[in-house]
Amino acid sequence: MGRIAYVDGRYSPHQDAAVHVEDRGFQFSDGVYEVAVCIDGTLVDLNSHLDRLERSLSELEITPPTTRKVLEMLMKQLLARNGVRDGLVYIQVTRGTAPRDHAFPANVKPTLVMTTKRVDHLHQKNILEGVKIVTTPDLRWARCDIKSVSLLPNCIAKTEARRAGAGEAWMVDSDGCVTEGTSSNAWIVTHNDKLLTRATTDNILRGVTRGTLMDLAKEMSLTFEERPFTVEEAKSAREAFSSSATSFVTPVVQIDNTVLGNGAPGLFTERLQGRYFKYCVNKESEL
Ligand code: PDD
C-alpha cells in the first residue's frame, strides 16, 4: 500500500494530495504547523504539541479546523492507515482558500493537511555520533514564538549548513548571541557543568523537547540557566547539543571550525540523551 495523506477530510495517495492554488498557505505562508514523533505506536508529548498548535492558531486568528479530540483521532488514524509505528506526523493548518488579498479574509474555512513518514529515530547516525554546526545571522521576523510555515530564513540557513557539510545551523542575533537552530533549540554545557539555553521570551520557539529536557534535567539534579550565550561562549563550551522532536538530543561536536572537546559527543549530552530516549520509549510521554 502506498503512502496516504490527509487533506481536508479526504485521504488520497501522497503523490496526488494537493491544495488549491489560492490557498493562503501557498500564497502568503499564512499557516502554522506541528511535527510530532511516534515511537512504538505512541506519540511523544502529544498534548504539548496540540497546546502549541492551538496557541499558534490563536495568535494568528486562524480558526481551528476541528476540535482537539478529532485532530488527535485523525493523527492516530493516519499513522495507522500508513502502518507507521515509528516515524512522525506532520500537521499543517492554513487560514484557507480565498481570492488573493493580503488582509485576512473573513469567514474562510481553514485547510488541514496531514502526512506521516516512517523513521527509525533511535538509530540515526547524527543523533548517535553528533553533528557539526555552522553559525549564521538570524534573518527572521519578531514572532518566532509562533510555529509558522514561513520558514524561508530557516531554509536559507539550513542550506548553508548542508553546503558546509554540517547537520544544523545555529542562528545568531545582532548581539552575537545564538538564538536557536533552524529547526531545533540550541544548548551548551559550561565548564562548571551548567546547561544553558536561551529563554523562550527571547523570540525563539518554545520547543516541546526543550520543555521536557528541562523537566528531566531537574529530575536528574542537573543545573540549568535560561540565558543567551555568544558564539564564542559556545565554541569554548564543554559540550553543546540541539533539541527537537525529530532530532531528539543531537550532540554538537564542532561549531564552524572549532572542534568541541575531543570531537565526540560529551558525557552530559549523552546522559541527557539517554534519559530522553528512555522517556520516549517507556511511554512516560503518554502520561
Ligand atoms: N522543528 N526551533 C525551531 C525553529 C524549530 O523549527 C523546532 C522544531 C524547534 C524544536 O521544537 P520541538 O522540540 O517542539 O520539536 C525549535 C520541527 C521539528 C520541524 O520544523 O521539523
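An oxygen atom of the ligand sits 2.8 Å from a polar backbone atom of V208, and an oxygen atom of the ligand is 2.6 Å from an N or O atom in the side chain of T209. On the nitrogen side, a ligand nitrogen lies 3.2 Å from an N or O atom in the side chain of K147. The protein covers 91% of the 480 Å² of accessible area that the ligand has on its own (Shrake-Rupley method, 1.4 Å probe). The model is a predicted one, where local features need pLDDT of at least 70, side-chain atom pairs count only at pLDDT 80 or more, and totals for chains, interfaces and linings use all residues. Residues are numbered from 1 along each chain as its sequence is written, and side-chain values use heavy atoms, with hydrogens and water left out.

Around the ligand there are 19 residues, with Y33, E180, V208, T209 and A245 the closest (a residue counts if one of its heavy atoms lies within 4 Å). At least two shell residues come from each of β3 (31-39), α2 (46-59), β9 (178-181), α6 (208-219) and β13 (239-244); helices (H or I, at least four residues) and strands (E, at least two) are DSSP runs, numbered from the N terminus.

V21 belongs to the loop between β2 (10-13) and α1 (24-28).

Definitions and conventions
A polar contact is a pair of N or O atoms within 3.5 Å; within protein, one must be able to donate a hydrogen and the other to accept it, and residues adjacent in sequence count only if both atoms are side-chain atoms.
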